[in-house]
Amino acid sequence: CKLNLHNVHSIIFYGGDLLSYINTENLLDICLNSEKKPEIWILLHWRHIRNNKILEKEIYKKINFYITFSASDIFDGENEKNFSLFMKTLNYMKEYTKKFELTFVQDSEEISEFKIKDMLDIIINKYKTKIYISKLLDENNKSFMNHLFMRVSPKIFWNNYYYHPCLNGTITLNAEGKILPCPSMENEIIGDVAENENALKEIFLENKIDKYWKLHLGKIEKCKNCIYRFGCFECRAIEAKTSQRLNGKSLCKKGE
C-alpha cells in the first residue's frame, strides 16, 4: 500500500499512547515509503516513553519526536527523582530515535526561574536539541507582539504570501483516527480513517486541506492590512481557540 501525499512535508501523530497501538509500525512504514517521503513526527509526553522498550525497534531510528514536559512534572516534591527519570528518558530517546525536540510548559509559579533555567541549560548542553518554551496564559497576559522579533528571508516572505506560515504542508492523524490540519485544532476534522480507509487520499483529491494550507495572513482578520503580514508567524490553533473563529485574531495588538 502506498500513499500519494502530494506536497506534504510533515506528518504529525499525537494523542494517547501511540507507541502501544498495535498498527503503529505498519502505519509509519507506509508513510515513510510514500512518494514524497515526508518527515514523520510523533508527539508524546515523556512519561509515555520511559517504560516503553518498543522504541528499540529499527523503524524508530527514522522517526522524529516532540517530547513535552512541564515544571510540575519535574518538580513536584520529588525533584531529584523525577529529574533523574526524565534525563534517563532523554538518553533513551537519543539512542533509539532519529531526532527529538522538546516543549517545556511553565505551568507553576511556585518554582523559581533560576531552578528552571539551570535545568534547561543542563538539557541543552547535554543533548544539543531545541527546547520550545510555553507559558500558560492568564487573563493579564494575552498579548503577543510578534513583530518585535521577526526574522524574514525572501523564501519566508514568498511562502507566507501564498500559504499559512505554520499550517502549510502539515497534516495530523490523532489517536482516534481523526485527520486534522494541526495537532491542536481538534475541532477542525477533515477526515476520519477509522470510518473511511480512503479518507487521507480523499483529502487531497478533493483539496480539503487547501482551506488551511492557503490560509495566508492576508486572509486573517486584523492581519490583512498589516505591513508585517507576509513576514509574520503565528499559531493558528491558539488564535482560533481564543477568538472562536478560524480566521480570527486576538493575541497580537499590532493590528488594532
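In helix α8 (residues 236–243), the buried residues are Arg236, Ala237, Glu239, Ala240 and Ser243, where buried means under 20% relative accessible area, exposed over 50%, and partly exposed in between, with a 1.4 Å probe and protein chains only. Because these buried residues fall within an arc of 165° when seen down the axis of α8, they line one face of the helix; the arc is that of the directions from the helix axis to the C-beta atoms. Helices (H or I, at least four residues) and strands (E, at least two) are DSSP runs, numbered from the N terminus. After α8 comes Gln244, which has a positive phi, near 65°.

The structure is a predicted model, in which local features need pLDDT of at least 70 and side-chain atom pairs count only at pLDDT 80 or more, whereas totals for chains, interfaces and linings use all residues. Residues are numbered from 1 along each chain as its sequence is written, and side-chain values use heavy atoms, with hydrogens and water left out.

The protein chain contains 8 helices and 8 strands, and 43% of its 256 residues count as buried. Among contacts (heavy atoms within 4.5 Å) between residues at least 6 apart in sequence, 69% join residues at least 24 apart.

A search of the whole structure finds 10 salt bridges, a salt bridge being a side-chain nitrogen of Lys or Arg within 4 Å of a carboxyl oxygen of Asp or Glu. Since Glu186 lies in the loop between β7 and β8 (191–192) and Lys241 in helix α8, the pair ties together parts that are 55 residues apart in sequence. Glu186 is partly exposed at 38% relative accessible area, and Lys241 is also partly exposed, at 45%. Two of the buried residues of α8, Arg236 and Glu239, belong to a network of salt bridges that also links Glu234 and Lys249. In helix α4 (residues 113–127), Asp121 and Lys117 are 4 residues apart and therefore separated by about one helical turn; these two residues form a salt bridge in which the closest N and O atoms are 2.9 Å apart.

Strand β6 (residues 170–174) is mostly covered, with 5 of its 5 residues buried. Thr170, Thr172 and Asn174 point one way from the strand, while Ile171 and Leu173 point the other way. In a regular strand, the side chains alternate between the two faces of the sheet. Strand β6 pairs with strand β7 (residues 178–180) in the antiparallel sense over 2 bridges, two strands being paired if DSSP finds at least two bridges between them. Within this pairing, Leu173 stands opposite Ile179. The two strands form a hairpin with 3 residues between them, and Gly177 in the turn has a positive phi of about 90°.

Glu101, in strand β4 (residues 99–106), counts as buried at 5% relative accessibility. Apart from its neighbours within four places in sequence, Glu101 is in contact with residues including Trp41, Phe65, Lys130 and Tyr132.
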